[in-house]
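Biologist: Hello! Could you walk me through this structure?
Modeller: Gladly; take a look here, and then ask away.

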Amino acid sequence: MNDTLLIALYAFAGAATTGLAGAGALRLIRRRSLTASLAVVATVGVVAMLAGTLAVAWAMFLSPHDLSVVTTVVAMAAVVSLATALLLGRWVVARSRELAVAARSFGDGGNFAAPLGPTTAELDHLSRELAATSARLAESRERERALETSRRELVAWISHDLRTPLAGLRAMSEALEDGVAADPGRYLKQIRTEVERLNDMVGDLFELSRIHAGALALAPSRISLYDLVGDALAGADPLAREHGVRLVGGRIEPVPVEVDGKEMSRVLGNLLVNAIRRTPADGTVAVTAERSTEGVVLSVTDGCGGIPDEDLPRVFDTGWRGTHARTPPAGAGLGLAIVRGIVEAHQGRATVRNIPGGCRFEVVLPAAAS
């Protein structure tokens, strides 16, 4: 065995022994600060070099003077290395603590602001991730506040809308029971009307709860838009005649779509009822259905006079009823929320925009595969 190989073996043995000891030390202090870990790493490097040097020096039988010189050089290197490791560790730990303090703003409902000053690449990446998470949490909190406001409004409006017909039903039933009703037949007819209205309201609440719970089970089938719109127009025609509103179906293309016929009929029915009730007598409600670059577009145009710009983002919110919120024809403000829920369950979207004299509700659905 030549001398170079022998020196390498001695050096490796001394350094490996020190490395194993350092690995054990790092395991013992793995829950301590980064400063301690960096100090151990620096110490292991210097001691490994010293152990390897001493092993080679002993094997080569260096003179005491030469051994002293080598030891002194290694010791000075150890001092400088440890000092550098401690300074680096304290700097990194300080930056980490600043980052931890900034991250506490998450729990206080605030926004994350990255600490100023230079940081390592890893801490800088972590700061960017925390900032992105903070932005998402802020959006989530805003959505939660809006949803909570909508829920409170819905409870208040539903309570109002339930109290009125229930009071009427109670008064009419007492009149019938006491035999003081001048026209019992008219009272019974009115009771039936109020019960049907309450039944519709409960049905809307049940449908909306299924949508919010993600329990809306769809049974899609291939349907022609022509048939879908025709059935919806036929169903809304009596209400339109009652309000003196003209229903017009124009540009109804026989485009096939893959949808749940029952649920989409409810979407069109809600849009038509909403448009008819908001359009003055002698007004017109128009329905169109045609292809577009985005898929298939169903639109319902009314003559309501337009929606204030500040209310447009809330039109499809649960409980929104606009400026006529307290009038019985406005309902409980659930119809358009149900429209959006059903359309989104079909991977589509529902929008509204103002046009001269009214507004246009549009439903965009994916086109059926040919």
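Biologist: Let me start with one side chain: is phenylalanine 361 buried or exposed?
Modeller: Keep in mind that this is a predicted model. Phenylalanine 361 has a relative accessible area of 4%. Buried means under 20%, so phenylalanine 361 counts as buried.

Biologist: Which residue forms an aromatic pair with phenylalanine 361?
Modeller: The count comes to 1 aromatic pair. In that pair the rings are 5.9 Å apart centre to centre, with 85° between the planes, which is edge-to-face. The partner of phenylalanine 361 is phenylalanine 316.

Biologist: How many residues apart in sequence are the parts that this pair ties together?
Modeller: Phenylalanine 316 lies in the loop between β5 and α8 (335–345), whereas phenylalanine 361 belongs to strand β7. Phenylalanine 316 is buried too, at 8% relative accessibility.

Biologist: Why is strand β7 described as largely enclosed by the rest of the structure?
Modeller: Strand β7 covers residues 358–365, which makes 8 residues. It is largely enclosed because the number of them that are buried is 7.

Biologist: How many bridges join strand β6 to β7?
Modeller: β6 (residues 349–355) and β7 run antiparallel, and they form a hairpin with 2 residues between them. Glycine 357, in the turn, has a positive phi of about 85°. The number of bridges joining β6 to β7 is 7.

Biologist: Moving on, which residue's backbone nitrogen does the side chain of threonine 279 reach?
Modeller: Threonine 279 sits in the loop between α7 (261–278) and β4 (284–292), and is buried at 5% relative accessibility. Setting aside neighbours within four places in sequence, its contacts include Val245, Asp302 and Cys304. At 3.2 Å, the side chain of threonine 279 reaches the backbone nitrogen of glycine 303.

Biologist: Last one: how far apart are the end C-alpha atoms of residues 67–88?
Modeller: An unreviewed UniProt entry places the feature "transmembrane region" at several spans, including residues 67–88. In the model, that span is 100% helix and 0% strand. Its end C-alpha atoms lie apart by 31 Å.

Definitions and conventions:
Residues are numbered from 1 along each chain as its sequence is written. This is a predicted model: local features need pLDDT of at least 70, side-chain atom pairs count only at pLDDT 80 or more; totals for chains, interfaces and linings use all residues. Side-chain values use heavy atoms; hydrogens and water are left out. Buried means under 20% relative accessible area, exposed over 50%, partly exposed in between (1.4 Å probe, protein chains only). Helices (H or I, at least four residues) and strands (E, at least two) are DSSP runs, numbered from the N terminus. Two strands pair if DSSP finds at least two bridges between them. Rings of Phe, Tyr and Trp (its six-membered ring) pair if their centres lie within 6.5 Å; planes under 30 degrees apart count as stacked, over 60 as edge-to-face and the rest as tilted. UniProt positions are given in the numbering used here, feature names are shortened, and annotations may be inferred rather than shown by experiment. A polar contact is a pair of N or O atoms within 3.5 Å; within protein, one must be able to donate a hydrogen and the other to accept it, and residues adjacent in sequence count only if both atoms are side-chain atoms. Contact means heavy atoms within 4.5 Å.
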